[in-house]
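This briefing is meant for a reader who is meeting this structure for the first time. Please look over the sequence and the 3D view before going on to the notes.

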Amino acid sequence: MTQAPGTYDHRTIEAKWQQYWLSRKTFKTTAEGAKPKYYILDMFPYPSGDGLHVGHPEGYTATDIMARFKRMRGFNVLHPMGWDAFGLPAEQHAVRTGTHPRATTVKNITRFRQQIQSLGLSYDWDREIDTTDEGYCKWTQWIFLKLFERGLAYESFAPVNWCQELGTVLANEEVIDGKSEVGGFPVTKRPMRQWVLKITAYAERLLQDLDELDWPDAIKEQQRNWIGKSVGATVTFDVDGQQGLSFKVFTTRPDTLFGATFVVLSPEHPLVAKIVAPQLQTKVEAYIQSAQRKSDRDRLATTDKSGEFTGASAINPVNGEAIPIYIADYVLMSYGHGAIMAVPAHDDRDHAFARKFNLPIRRVLTGGLGDIEAEAHCGDGTLVNSGFLNGKDKAEAIQAMTDWLVREGRGEAQVTYKLRDWLFSRQRYWGEPIPIAHDMDGRPLPIPEKDLPVRLPPLEDYKPTGGGEPPLARAPESWLNVELQGKPCRRETNVMPQWAGSCWYYLRFIDPRNPAKAWDEKLERQFMPVDLYVGGAEHAVLHLLYARFWHKVLYDMDLVSTKEPFKKLVNQGMILGENGEKMSKSRGNVVNPDDVVGEWGADSFRLYEMFMGPLEATKPWQTNGIVGCNRFVKRAYRLFVGEDGALSTGVSGTTSETFRRLLHKTIKKVTDDTEGLRFNTAIAAMMEFVNAAYREESMGREAAQSFVLLLAPYAPHLAEDLWERLGHRETLAYHPWPSYDATLVADDTLTVTVQVNGKLRGIIQVSPVADKVLVLSQAKELEGVARYLDGKNLLKEIYVPGKIVNFVVS
Ligand code: ANZ
């Protein structure tokens, strides 16, 4: 179909400029030059078989607008894209079809790349990376070895989260409500040999350094809660009548020790077997069994407390009282010391337990609703029934009791964290092989750096065994056997979890093709940290915590120069289906970006995704919204291009004074809003500008040119096209951003109050540039003012510019 010469045709225009940018490498970033750097990063996608979702371009358009804006503002912008390509779907596809996950991955990446390029995003494609690429994998394994050398990667034989359906273990962060994050399958505890990363060694720094970050408060709070720091004390209790047997409890409330009326051990506590009375043994054992079948979360959540008496007692060190020892599943072995001192008067869980088992409830703090039998008082108060603590407030009492425990050798101050070490091995195929082999004594030895990468061996069958044996255990003997340090060894057959590659990809983008190093230190210093990171909020305690952890380890090794990787983080909101529900295939409300781009063009799509509402907000897709944005694009085009295809005369004429003011206000608004990521209001200002331009006979060259530049980050294809029509030969990508004249953006009128002898007599509107004489004469003309001046002696005329006029009369 041939178009009339002056018709806006997004297909031709967009294809032309995409080709232009790609073939000339318009967005290639180099390290040379004196410009300040600006690093803008997207959370790189997993290239799934479904292709791009409309949620992806939302974040990508936002970062693209920023990247284009910052280039025009004189920054050396680093804006890369790549593929987080290890993961379950490609492997599940392989299990079903026998196709190697690499083939699926390559195919999906090709589709994703083509889709992303059809949006006109200004990435430096020379920096594209793929986490499954051997040249990348090699360095992921290299970082693992660094962690291993520092004792931060170790083998553990503790019970782990096992997911039978997925055939693999999972990290705590990947288990939600007792189910796997991927797929929602049941997860149970099971002891297995696993690789674990010591993220707990960084708990305090991961917590403290959150304060420095310009991140959404909600994400910082989620990380704080996940790290879960508690300040308190350890108290040692002796078992009554059993010489040498004692145990420790962790408490955040040592002030309440006089109120402890029983103690509770976790069912898994090693002491249980030693103290349980013979006649209670059967019941206790049955209870231990039942506790093991529950997840930690369920154990903490149940309001109906269960437990068993052990028959033994413990001595409260502060008053010598013998109190019963119970076991109960609400006490977890994995937290504190796996045992608690129970203070039912001041802790809800202990209160519920005491009520159920008829145990005494002793108030040791004033306050609360009154009846301590009915409800625990968990807040502040003054200590009572507590010997040397009586009369002290809670904070003083915590300190005084901690001091006493230390002095008596019965305890010490202690800080605990909820964060657990990161379970880092998976019984899967499509992941980075762990660069370790075991000698015949089972000792783990590192694969020498020169032998990296350890490549994934080809397999006939990619299935997990279900018994916990990784698929790589079926690899050819030639792969499995390796000689290290002169000893025959067998390779590790677990692989790394999906999160490994994304822990450091932002560093590889800085120096993506370096064959000799993971990255060059000088380049790292030049480009880090990431100035703006945009992505979904679902990674709050997974990727965003893991990457911060690796980064801190690398910082301690002097391999990176900043304490934190991502200075500013923004979470884009979710785009819902047209019916206001989450988009999903089963709901049939998925919008395919290819269809939208095909029908309306990338510029309209970009504008619409940004115009829907604030970037962070959750918002539903609306087809008529895209129609509106497309209309704006066409109207903008028509302002410049006549029906005959020639440049409109309105572009070259003169600009009226009022329109000039509007132009400068628009420049200011779009500049400020773009800088503040308020893209929707910036677009609204450009729409108003176009409407106003239609009312003018001519907008003039200055206005035309500036408008095209403002539009460029948002609708880059159209902007480049109009720029070319205005006679420019070069891309506008690096053209300086328009500036505005401050005097022209000031409000057109100011409100000035007029007083006579200090009393308000009227209000006038004046121009900001009006001089005193003009303002005073305007003020005197007001009827309400004239009345008070008439026949009076005018002693003084005061004008506070833009604010007040005061006439002093007698
Ligand atoms: C006595 C006490 C009295 C407590 C009181 C609280 C209130 P956070 O803040 O979450 O760290 N606790 C200690 N170890 C536990 C475990 N392994 N499983 C379950 N609960 C455990 O919670 C610390 C409090 O949780 C500790 O302080 C302890 O109960 C309980 F009025 O000790 B508290």
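Predicted model: local features only at pLDDT ≥ 70, side-chain atom pairs only at ≥ 80, totals over all residues.

The secondary structure of the chain comes to 26 helices and 31 strands, and its C-alpha atoms fill a box of roughly 105 × 90 × 50 Å along the principal axes.

**Domains**

- The domain assignment divides the chain into domain 1 (34-214 + 433-572), domain 2 (229-417), domain 3 (592-744) and domain 4 (747-809).
- Between the C-alpha centres of domain 1 and domain 2 there is a distance of 42 Å.

**Surroundings of the ligand**

- There are 18 residues around the ligand, and those that come nearest are Ser230, Thr251, Leu332, Tyr335 and Lys418.
- Sorted by class, this shell holds 8 nonpolar, 6 polar and 4 charged residues.
- Serine 230 has a side-chain N or O atom that is 2.3 Å from an oxygen atom of the ligand, while for tyrosine 335 a polar side-chain atom lies 2.5 Å from a ligand oxygen.
- Threonine 251 likewise places a polar side-chain atom 2.7 Å from an oxygen atom of the ligand.
- On its own the ligand has 640 Å² of accessible area, and the protein covers 87% of that area.
- The elements that contribute two or more residues to the shell around the ligand are β13 (246-251) and β17 (339-342).

**A serine in a loop**

- Serine 266 sits in the loop that runs between β14 (262-265) and α8 (272-275), and its side chain reaches the backbone oxygen of valine 331 at a distance of 3.3 Å.
- Because its relative accessibility is 0%, serine 266 counts as buried, the cut-off for that class being under 20% relative accessible area.

**Cysteines**

- The count of disulfides in this model comes to 0.
- Cysteine 489 has a relative accessibility of 1% and therefore counts as buried, and cysteine 629, at 1% relative accessibility, is also classed as buried.

**Cis peptide bonds**

- The peptide bond that leads from leucine 452 to proline 453 is cis, with omega near 0°, and proline 453 lies in the loop between β21 (444-446) and α13 (477-480).
- A cis peptide bond, again with omega near 0°, also joins methionine 528 to proline 529, where proline 529 has its place in the loop between α15 (521-527) and β24 (532-535).

**Positive phi angles outside glycine**

- Glutamine 485, although it is not a glycine, has a positive phi of about 50°, and this residue is found in the loop between β22 (481-484) and β23 (487-491).
- With a relative accessible area of 60%, glutamine 485 is exposed, since that class begins over 50%.
- Leucine 677 is a residue other than glycine whose phi is positive, near 60°, and its position is in the loop between α20 (657-675) and α21 (679-695).
- The relative accessible area of leucine 677 is 9%, so this residue is buried.

Note on methods: Residues numbered from 1 in each chain as written. Heavy atoms only, no water. Near = heavy atom within 4 Å. Polar contact = N/O pair within 3.5 Å; in protein donor to acceptor, adjacent residues only side chain to side chain. Areas by Shrake-Rupley, 256 points an atom, 1.4 Å probe, with all protein chains shown as cover. Helix = DSSP H or I, 4+ residues; strand = E, 2+ residues; numbered from the N terminus. Nonpolar A, V, L, I, M, F, W, Y, C, P; charged D, E, K, R; others polar. Disulfide = S-S within 2.5 Å. Buried < 20%, exposed > 50% of the residue type's maximum accessible area, 1.4 Å probe, protein only. Domains from an automatic or database assignment.
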